[in-house]
Amino acid sequence: MFEQIIYYIFAGLLIFSASMVITVRNPVMAALFLVLSFFSSAAIWLLLEAEFLAIALVLVYVGAVMVLFLFVVMMLDVNLAPLREGFARYLPVGVTVAVLMMIAMGLVVSSSYFKSDEISAPVTLGPGYSNTTELGQALYTDYLYPFEIAGAILLVAIIAAISLTTRKPRSTKAQQPALQVQVRKEDRIKIIKMEAEKQ
Amino acid sequence: MILQSDIVLLLPEITLLSLACAVLIIDTFSRDPLRNVTYLLGQLSLLITAILVIYLYPDETTYAFGNSFVSDSMSTVLKAVICVITFVVFLYSHDYLKKHEWMKGEYFVLGLFAVLGMMVMVSAYSLLIVYLGLELLSLSLYAMVAMHRESQSASEAAMKYFVLGSMASGMLLYGISILYGVTGSLELDALAIQISEHSEHGILLVFGLVFVIVGIAFKLGAVPFHMWIPDVYQGAPTSVTLFISSAPKIAAFAMAIRLLVNGMHPLLGDWQEILIILSVLSMATGNIIAISQSNIKRMLAYSTIAHIGFLLLGLLSGSQEGFAAAMFYVITYALMSTGAFGIVILLSRRGFESDNLDDIKGLAERNPWFAFIMLILMFSLTGAPPFLGFWAKWFVLKEVVASGYVWLAAVAVLFAIIGAYYYIRIVKLMYFDKPETMTAIKASQQMRFALSINGLALLIIGLMPGLLMSLCITALVQ
């Protein structure tokens, strides 16, 4: 009972903060609401006894990603006015399409297939259960192959980010004495034979 | 449990990953501004991987890593073809990057990682692996498009590709999550069994299927998910366009086979109908809009869309022979596209992309041999006998008729005839118009050699298509 109350509190908080992320005008506020939604989902994961994932979510997303994101939002002076210009004009069409999609998808998904009584409640495991161990076991045995591919994807992301942002030292206007010393006469002087012009 | 035999099956991928990392490190320490070492090592890695793939040709279909990896004839053939095509792409790209003084080692490193992603996709036998392989491929491609930072059009193309590509990945993932939610399995075999057992969940399965098809159609570039193709093809540096238009199409084909045939064969009737619409729309849009293009890269982009329509015809015929015909088609298309963009690279020079139709005017006067190669490529893309492109269209049409869609074959032929106009217009420009410039064509010996082989291959394989076809049949018909 107590768990259910906690669940509903955090689930409600999650939905509230997630909808605030996309509706508030201030981008800094939006980023902060995103932090709140990460926190609430971490709490829900804790209820599922997935402590490691919950802590990783807070540490990685809240601690690192979102802080960086906030920096970017604050550093870049994004002018949001032009982005909002067409909002009122496209609103009717957008809302109509969205509502139609919602109804169509709702009709398919919410029918009897995903009823709550068809899905069994998660089993509570005792205090001896370690989520971290289980996760590690699964990652390095059953899911070794996808785990390695994910590692390769992260490596590609690093290579891409570095190659897209580093500037080569060549573009700086530093002098290179070694090359200056090696210069030969032929490189710099062009001797042109021409007729003497009349004075 | 990880068995030793699992590791052996995965050896080509492991080797490629290790070699790509080695190339990355060597490139970091290389001081050569021309990046010759990186380039040669990259080519060597592809060759080693291709040899390993062929050496490990399985006698029977084998699974590894708890049924998430499959090694069968199709995966072997497609992986080898991907390695060979990428080898040719690297060869042309090296020339392009040197010509435009924009040599970057990361180009080849990311190319190798893209090949790894394609190999993962080709051998994927679980929804999770399909998705991860696709992401590995796409992420490398986004970075390659954006790599030319000074070019505004390349940045714009990269941004469009990235945003639309992420949306398509999201769609695919949503479809996968629905399928997983209904059947409770990620492995494709188990998925097929679950689907045939739980026919009462029909609507929900088709709901998931639709999103999966959106993902596949986006990666292939089928209408109406084709918006990115013209912009990315035109905006990206020609060497990257060349890469995107060749090997990844083969991987996308393999993804379609894995998901639709291996995973969702019980839903054949449902995806057949969807693919018919996609196919007809692609052939119509591609062939008709290509007529009005004045940029060769953009024209070839619309031609890609039209060819994807034809490829889908093979898939939707639903028989093993039809899939083999589609495989034949995609390999042929990759060869033709590599050659066509190769010619664009050949004609370009420093600071000048040479991608307008006017730039190809009078090529026969400037260089008769490469005008002839381009002639072969264009006739092959049209589908004129005796070139390889004719057989690709022929086999696909034969299977479509065999599966009872005679009207569809008639529509396909009609659009192919419309398409012939813009291919043959290039031949007309090359042979009957006066050149606008007589600048000599600058290209390395190996580029000239490879491009000649590439063009002549279409003629030679076209004279004896039985060999490639029997390869495709053994790959797909169990």
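**Chat notes on chains A and B**

Reader: Start with B:Ser354. Buried or exposed?

Author: B:Ser354 counts as buried, at 4% relative accessibility. The cut-offs are under 20% relative accessible area for buried, over 50% for exposed and partly exposed in between, with a 1.4 Å probe and protein chains only.

Reader: What kind of model is this?

Author: It is a predicted model: local features need pLDDT of at least 70, side-chain atom pairs count only at pLDDT 80 or more, and totals for chains, interfaces and linings use all residues. Residues are numbered from 1 along each chain as its sequence is written, chains are lettered from A and ligands numbered from 1 in the order in which they are written, and side-chain values use heavy atoms, leaving out hydrogens and water.

Reader: Fine. Where does B:Ser354 lie?

Author: In chain B, in the loop between α15 (320-347) and α16 (363-366). Helices are DSSP runs of H or I with at least four residues, strands are runs of E with at least two, and both are numbered from the N terminus.

Reader: And what is B:Ser354 in contact with?

Author: Setting aside neighbours within four places in sequence, B:Ser354 is in contact with B:Val344, B:Leu347, B:Ser348 and B:Asp359. Contact means heavy atoms within 4.5 Å.

Reader: Switching to the interface. How many residues of chain B are in contact with chain A?

Author: 37 residues of chain B are in contact with 25 residues of chain A. About 2,800 Å² is buried between the two chains, and carbon and sulfur atoms give 79% of that. Buried area is the accessible area (1.4 Å probe) that two parts lose on being put together, summed over both.

Reader: Which three residues supply more than any other three on the chain B side?

Author: B:Leu132, B:Arg149 and B:Leu204. They supply 19% of the area that chain B buries against chain A.

Reader: Which helices of chain B touch chain A?

Author: α2, α5, α6 (127-146), α7 (152-183) and α9 of chain B each supply at least two residues to that side. The largest share, 10 residues, comes from α6(B).

Reader: What about B:Ser140, where is it?

Author: B:Ser140 is in helix α6 of chain B. B:Ser140 is buried, with a relative accessible area of 0%. Its side chain reaches the backbone oxygen of B:Leu136 at 2.8 Å. Beyond neighbours within four places in sequence, B:Ser140 is in contact with A:Val156, B:Leu110, B:Phe113 and B:Ala114.

Reader: Which residues have a positive phi without being glycine?

Author: B:Arg35, at about 55 degrees, is one of them. B:Arg35 sits in the loop between α2 (11-29) and α3 (36-55) of chain B, and B:Arg35 is buried, at 15% relative accessible area. B:Glu101 has a positive phi of about 50 degrees. B:Glu101 is in the loop between α4 (73-99) and α5 (105-122) of chain B and counts as exposed, at 59%.

Reader: Now chain A. How many helices and strands?

Author: Nine helices and zero strands. Of the 199 residues of chain A, 19% count as buried.

Reader: And A:Ala64, how far in space from A:Ile189?

Author: They are 57 Å apart, C-alpha to C-alpha, and 125 residues apart in sequence. A:Ala64 is in helix α3 of chain A.

Terms used:
A polar contact is a pair of N or O atoms within 3.5 Å; within protein, one must be able to donate a hydrogen and the other to accept it, and residues adjacent in sequence count only if both atoms are side-chain atoms.
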